[in-house]
Amino acid sequence: MFLPIGDEPNPHHLPAMTVLIIAANVAVFLLVTLPLSARPADPADPLLIEYLRAVLPHLPAGVPLGELAAQVSAYDLVVFRWGYRPGDPQLVALVSAMFLHGGFMHLAGNMLYLWIYGNNVEHRLGATGYLFWYLATGIAATLFHALFNRGSTIPLVGASGAISGVLGFYLVWFPRHVVKMWVFLIPFYIGMLRINATVVLVMYLVLDNLLPMLVRGGQGGVAHGAHIGGFVAGMAVAFAMRWYAGKR
């Protein structure tokens, strides 16, 4: 297992917008995800019927409807309402889905990546530009995911598409930076390595996302299409900005 824990070099100032985005995601998790995950869904909520209709085709045959309904939490319905469903697209969900997560590990992994890679990209773009392109590449990631999941009513949630956009910017602008990685290859090696950022990010794009997507055909619990779409969008914008700056 390879776990990134930092990068170098870094700007000396605090990346305020990165901190604010992380804070917003954590606040949603603490104020919405945690309390509502422990609360059963309201049986009178009309969204519950719609939710059950959406998930039943993806479950083994013969699952009792009453038993399934009893397991639905209030947060499941929040995700169903505010996550992005390609089969029932809602404009607001393109943004709201980025601030919802499936659980603590989902949130923690995304925020770790954003903290590591966001500061240099924010420093280059400025806080306002960084927020704009974070959201824009996140939307591009969601729409790319939707291309391979047309008609799906399973909601997409998480910040990873937008964060992949940040990674795309990083690869274009900071290819010679170094990523500090904890490596757990038991029993052969346990320790920290400093690896070129280009190697790390190309591995993320190809080994972690492109190959699994090709093998699984876009199926599974990880939205590889969103990761690829966000990453490519970030790279495209970074290259365009570099070209434009060279023309000025």
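**Reading a predicted model, feature by feature**

Modeller: Pro9 is found in the loop between strand 1 (2–8) and helix 1 (16–37), and since we begin there, please keep in mind that this is a predicted model.

Colleague: Is the peptide bond from Glu8 to Pro9 cis or trans?

Modeller: The bond from Glu8 to Pro9 is cis, and its omega is near -5°.

Colleague: How should I read a helix, and which residues of helix 2 are buried?

Modeller: The general idea is that an α-helix has 3.6 residues a turn, so residues three or four places apart point the same way. In helix 2 (residues 46–55), the buried residues are Leu47, Leu48, Tyr51, Leu52, Ala54 and Val55. Seen down the helix axis, these buried residues fall within an arc of 160°, so they line one face of helix 2. Pro46 and Arg53, on the other side of helix 2, are exposed.

Colleague: What do the buried residues of helix 2 pack against?

Modeller: They pack against helix 3 (65–71) and helix 4 (74–82). At the start of helix 2, moreover, a side-chain oxygen of Asp45 comes to within 2.9 Å of the backbone nitrogen of Leu47.

Colleague: How are aromatic pairs read, and how many does a search of the whole structure find?

Modeller: A pair of aromatic rings is described by the distance of the centres and the angle of the planes. The search of the whole structure finds 12 aromatic pairs. One of them joins Tyr113 and Tyr117, and this pair is tilted, with 6.0 Å centre to centre and 35° between the planes. Both residues lie in helix 6 (residues 104–125), 4 residues apart, which is about one turn of the helix.

Colleague: Why does Tyr117 count as buried, and why does Tyr113 count as partly exposed?

Modeller: Buried means under 20% relative accessible area, so Tyr117, at 1% relative accessibility, counts as buried. Tyr113 has 24% relative accessibility, and therefore counts as partly exposed.

Colleague: Which residues touch the most other members of the largest nonpolar core?

Modeller: In soluble globular proteins, nonpolar side chains tend to be buried together. Here the largest nonpolar core has 39 residues, and those touching the most other members are Leu114, Tyr117, Val121, Tyr130, Tyr134 and Trp173. Helix 8 gives the most to this core, with 9 residues. A second, separate core has 11 residues, including Val55 and Phe80.

Colleague: What sits over the ring of Phe80?

Modeller: The charged end of Arg85 does, 3.9 Å from the ring centre, while Arg81 lies over the face of Trp82, at 4.2 Å from the centre of that ring.

Methods. Residues are numbered from 1 along each chain as its sequence is written. This is a predicted model: local features need pLDDT of at least 70, side-chain atom pairs count only at pLDDT 80 or more; totals for chains, interfaces and linings use all residues. Side-chain values use heavy atoms; hydrogens and water are left out. Buried means under 20% relative accessible area, exposed over 50%, partly exposed in between (1.4 Å probe, protein chains only). Helices (H or I, at least four residues) and strands (E, at least two) are DSSP runs, numbered from the N terminus. The arc is that of the directions from the helix axis to the C-beta atoms. Contact means heavy atoms within 4.5 Å. A polar contact is a pair of N or O atoms within 3.5 Å; within protein, one must be able to donate a hydrogen and the other to accept it, and residues adjacent in sequence count only if both atoms are side-chain atoms. Rings of Phe, Tyr and Trp (its six-membered ring) pair if their centres lie within 6.5 Å; planes under 30 degrees apart count as stacked, over 60 as edge-to-face and the rest as tilted. A charge sits over a ring if NZ of Lys or CZ of Arg is within 6 Å of the ring centre and within 35 degrees of the ring normal. A nonpolar core is a set of buried Ala, Val, Leu, Ile, Met, Phe, Trp, Tyr and Cys residues joined through side-chain atoms within 4.5 Å.
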